[in-house]
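Work through the exercises below with the sequence and the model side by side. Try each task before reading its solution.

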Amino acid sequence: MWRDGRWFEMVRDGAEFVRTFGSQVAGDCNFNYPASVCVDGDHHIIADRANHRLVVAARRDGSFVRTVGSYGAAHGQFNLPFCVCVNAAGLIIVADTENHRVQMFTRDGTFVRAFGSEGAAHGQF
């Protein structure tokens, strides 16, 4: 559940409180309108939309692990990342909304590839 666009609370089965991630103070886990989260083994990967990055946090306690990306249009940069998931090969896949593309990264945050561009044709977003 997202709260105030700055942090989110995890609940189990829709009712049991588990933990809170993030805060309203500056720092690595200060979210600015997080858009989605996925679970990959020992980590939560959060698309931190208005901070133009991904935040990786430890699944066991929510502690900060790393960020991936920054604001921009170069490979490995984001402009309002929206959805994040991990495929069967372990690659992190991110919908980079305002850059009109999808980007892929290794689990450690290394850029692998991007595809898509702005438009209405096949392969465009």
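**Exercise 1. Is G76 buried or exposed, and what does it touch?**

Step 1. G76 is buried, at a relative accessible area of 16%. Buried means under 20% relative accessible area, exposed over 50%, and partly exposed in between (1.4 Å probe, protein chains only).

Step 2. G76 lies in the loop between strand 7 (64–68) and strand 8. Strands here are DSSP runs of E with at least two residues, numbered from the N terminus.

Step 3. List its contacts, meaning heavy atoms within 4.5 Å. Neighbours within four places in sequence aside, G76 contacts G69, S70, Q103, F105 and F111.

Step 4. Check a C-alpha distance. G76 and V112 are 8.7 Å apart in space, C-alpha to C-alpha, and 36 residues apart in sequence.

A note on the source: this is a predicted model, in which local features need pLDDT of at least 70 and side-chain atom pairs count only at pLDDT 80 or more, while totals for chains, interfaces and linings use all residues. Residues are numbered from 1 along each chain as its sequence is written, and side-chain values use heavy atoms, with hydrogens and water left out.

**Exercise 2. How many salt bridges does the structure hold? Describe three of them.**

Step 1. The count is four. The criterion is a side-chain nitrogen of Lys or Arg within 4 Å of a carboxyl oxygen of Asp or Glu.

Step 2. Start with R107 and D40. Their closest N and O atoms are 2.7 Å apart. The pair links distant parts of the chain, 67 residues apart: R107 sits in the loop between strand 10 and strand 11, D40 in strand 4 (residues 34–40). R107 is partly exposed at 49% relative accessible area, whereas D40 is buried at 12%.

Step 3. Next, R60 and D61. Their side chains meet in a salt bridge of 2.9 Å, N to O. R60 is exposed at 64%; D61 is partly exposed at 43%.

Step 4. Then D96 and R101. Their closest N and O atoms are 2.8 Å apart. D96 and R101 are both buried.

**Exercise 3. Describe the surroundings of R101.**

Step 1. R101 belongs to strand 10. Its relative accessible area is 10%.

Step 2. Not counting residues up to four places away in sequence, R101 touches several residues, among them G72, H75, V94, D96, F115 and F125.

Methods:
Helix = DSSP H or I, 4+ residues; strand = E, 2+ residues; numbered from the N terminus.
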